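Please brief me on this protein chain.

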Amino acid sequence: QNVLQMDVINSNYSNPNNLKFEEIKILGLAHDITQVSTSQRMGVEKSTRDIINYPLQKVALITGLTLELGRTATVTWNQERNYGDRFNCDPSPDPTQEKCEQLGCVWEPVTSEMAVPPCYYNSDNAYSVDKVEYTSSGLTANLTLNSDKIRANTNFTTPISTLRLEVKYHLNNMLQFKIYDYQNARYEVPIPLNLPSFPTSTDKERLYEVSVLEKPFGIQIRRKSTGTVIWDSQLPTFTFSDMFIQISTLLPSDFLYGFGETEHDMFVRDFNWNTWGMFTRDQSPANQLNSYGHQPFYMALEKDHNAHGVLLLNSNAMDVTLQPTPALTYRTIGGILDFYMVLGPTPERVVQQYTALIGRPVMPPYWSLGFQLCRYGYSNDSEIAELVESMKAAGIPYDVQYADIDYMERQLDFTIGTRFAGLPALINKIKEEGMRFVIILDPTISGNETNYPPFSRGVQDDVFIKWPNTNDIIYSKVWPFLPNVQVNESLPEQTQIQIYGAHAAFPDFFRNSTVEWWKREILEFYNNPTNPARSVKFDGLWIDMNEPAAFMNGAIGGCRNDLLNMPPYMPDLGNRSEGLTFKTPCMEGQQYLPDGTPVRHYDVHSLYGWSQTKPTLE
């Protein structure tokens, strides 16, 4: 009826203190309240009072009322359907009613300019909390799975029933909450964070308090000083399976930094934090940018202008969706959920606390802040030398010159092409004049050469990514073309690659042997002990193509594990139809952490650039 009628049955009541009803909470609402009217004695007054809708709880709070006690009053309100509380149950690009209903969700398409999901959750998540154990430094709890609420699932997306929640109060301004399978070891990001050896927070000084919501399972984190809930995950989307993990949280505002700006006219905005080479925004190809690394971190401004930051320590392929609720949904295809939250409360402190956790940025050399010049396609070293002189003659500020892959012999790392034989002397001359020089290095190494020490020594040191349970190197095609062939440059680039591309091997930069091999190759190229005149005294290394990138999908001869390369949920990585191997090697590639632990490329793909950067810097 959308009407609240308050009838006074005894009018002898006097109101000496002028008491009034100032707020009303309405429960069980199907839709959001958009307008309120009140009437009392003096007729109808259309209200523009504050209306706060809580669509997930089906509650609205109306404040700013002035309904006098002892007087008959009527409150009426209008409701409008709010689609902003829909959490997408089938985020694939081609949802159907049949698939939606198989997933146990509701199919209700909406004709709207907003991208309202037609398939959405309408029931609680299937997990509840068995028992919470509190300590002075955190809490633990096991999550139980309600079999009656398990939605239909495909293979490898069946919910895991042996989950544990751990919350650690590391510092007064920083906490961690982690959800994992306590009976079966799963891949976890092997990068250590700067955490205290034991929690040092105290209940009195802690900026936050944590509540575990038992049925359905959820976590609430509240800022003590204001009572603002800055994380609230008691939502229907929570899923934890072998190859698909999903969790959502309500947000205290829609002011987020780290994903890009939010807009109210868009229903969802997807952002991917992985190095499959694409950062997608608005699902629009025009907004795709090449990237070498991402950190799944955001900073949010609360409505009272306090700030907090959240890091998800997960390196598997993922996408993150912002909704106008406002809410946030993480979807990842592996690993665990390992969140770190810093409480600021100012944006500056959030950044300080976050970089204290992950490591401070490297201090760049002073010269790197100068004017730099680079392009692809220099014909020879004489062209670079002429460019340097022309820049000086024109009086253009100029501090650093680069050389792209043109300087190499057939794009082979650690080589100098015949057209660039004078490059070592040119670099020395430039440096004597106070400038600096940077060269490019790509990670892949050609396996088709008759005398190419970087490859032969790499094979000897066992540095390359291999097929699992074999001694066979995984080869794809990247820069080097085959030796002793005449390339028909009139052919399309992709055709040239297919015909002339060499077998390119990918170093596994996690391995100790690879780290030592890579450092030796760099130092030998810099010093050239057999021919010092050909030593390349670079000042910086530009490491490129380490998403890792390939010029074909997967490997020469194809990939061997369809499940890993085309998982049950395919994140929006720029080309969903091609799978995870789009312009990158096969996901089943076997890699090894420094302690010898085997890991799949599927899990550490997004860390490839990081793993190369560290030994290169060292």
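The briefing below goes topic by topic.

This is a predicted model, in which local features need pLDDT of at least 70 and side-chain atom pairs count only at pLDDT 80 or more, while totals for chains, interfaces and linings use all residues. Residues are numbered from 1 along each chain as its sequence is written, and side-chain values use heavy atoms, with hydrogens and water left out.

**Domains**

- The domain assignment of the protein chain gives domain 1 (3-80), domain 2 (123-358) and domain 3 (370-617). These bounds come from an automatic or database domain assignment.
- The centres of domain 1 and domain 3, taken over C-alpha atoms, are 69 Å apart.

- Four strands make an open sheet in the order 26-27-28-32, with parallel pairing. Strand 26 (372-373) and strand 32 (540-543) are at the edges with a single partner strand each, so one side of each has no neighbour in the sheet.
- Strands are DSSP runs of E with at least two residues, helices are runs of H or I with at least four, and both are numbered from the N terminus. Two strands pair if DSSP finds at least two bridges between them.
- Strand 28 (residues 436-441) runs parallel to strand 32, and four bridges join them. Ile439 is opposite Leu541 of strand 32.

**Backbone exceptions**

- Most residues other than glycine have a negative phi, and most peptide bonds are trans.
- Lys215 and Pro216 are joined by a cis peptide bond, with omega about -5 degrees. Pro216 sits in the loop between strand 14 (208-213) and strand 15 (218-223).
- The Gly344 to Pro345 peptide bond is also cis, with omega near 15 degrees. Pro345 is in the loop between strand 25 (337-342) and helix 2 (347-358).
- Gln411 is not a glycine, yet its phi is positive at about 60 degrees. Its loop runs between strand 27 (400-403) and helix 4 (423-432). Gln411 is partly exposed at 26% relative accessibility (buried is under 20% relative accessible area, exposed over 50%, partly exposed in between; 1.4 Å probe, protein chains only).
- Asn469, not a glycine either, has a positive phi of about 60 degrees. Asn469 lies in the loop between helix 5 (453-461) and strand 30 (475-476) and is exposed at 82% relative accessibility.

**Asn316**

- Asn316 lies in the loop between strand 22 (307-312) and strand 23 (318-323). Its relative accessible area is 0%, so Asn316 is buried.
- The Asn316 side chain makes a polar contact with the side chain of Asp603 at 2.8 Å. A polar contact is a pair of N or O atoms within 3.5 Å; within protein, one must be able to donate a hydrogen and the other to accept it, and residues adjacent in sequence count only if both atoms are side-chain atoms.
- The Asn316 side chain also reaches the backbone nitrogen of Gly335 at 3.3 Å.

**Salt bridges**

- The structure holds 26 salt bridges (a side-chain nitrogen of Lys or Arg within 4 Å of a carboxyl oxygen of Asp or Glu).
- Arg186 and Asp242 pair at 3.6 Å, N to O. They lie in separate loops, so the pair ties together parts 56 residues apart in sequence. Arg186 is buried at 17% relative accessibility, and Asp242 is partly exposed at 39%.
- Lys431 and Asp539 form a salt bridge, with their closest N and O atoms 2.6 Å apart. Lys431 is in helix 4 and Asp539 in the loop between helix 7 (512-527) and strand 32, 108 residues apart.
- Glu389, Lys392, Lys429 and Glu433 are linked in a network of salt bridges.
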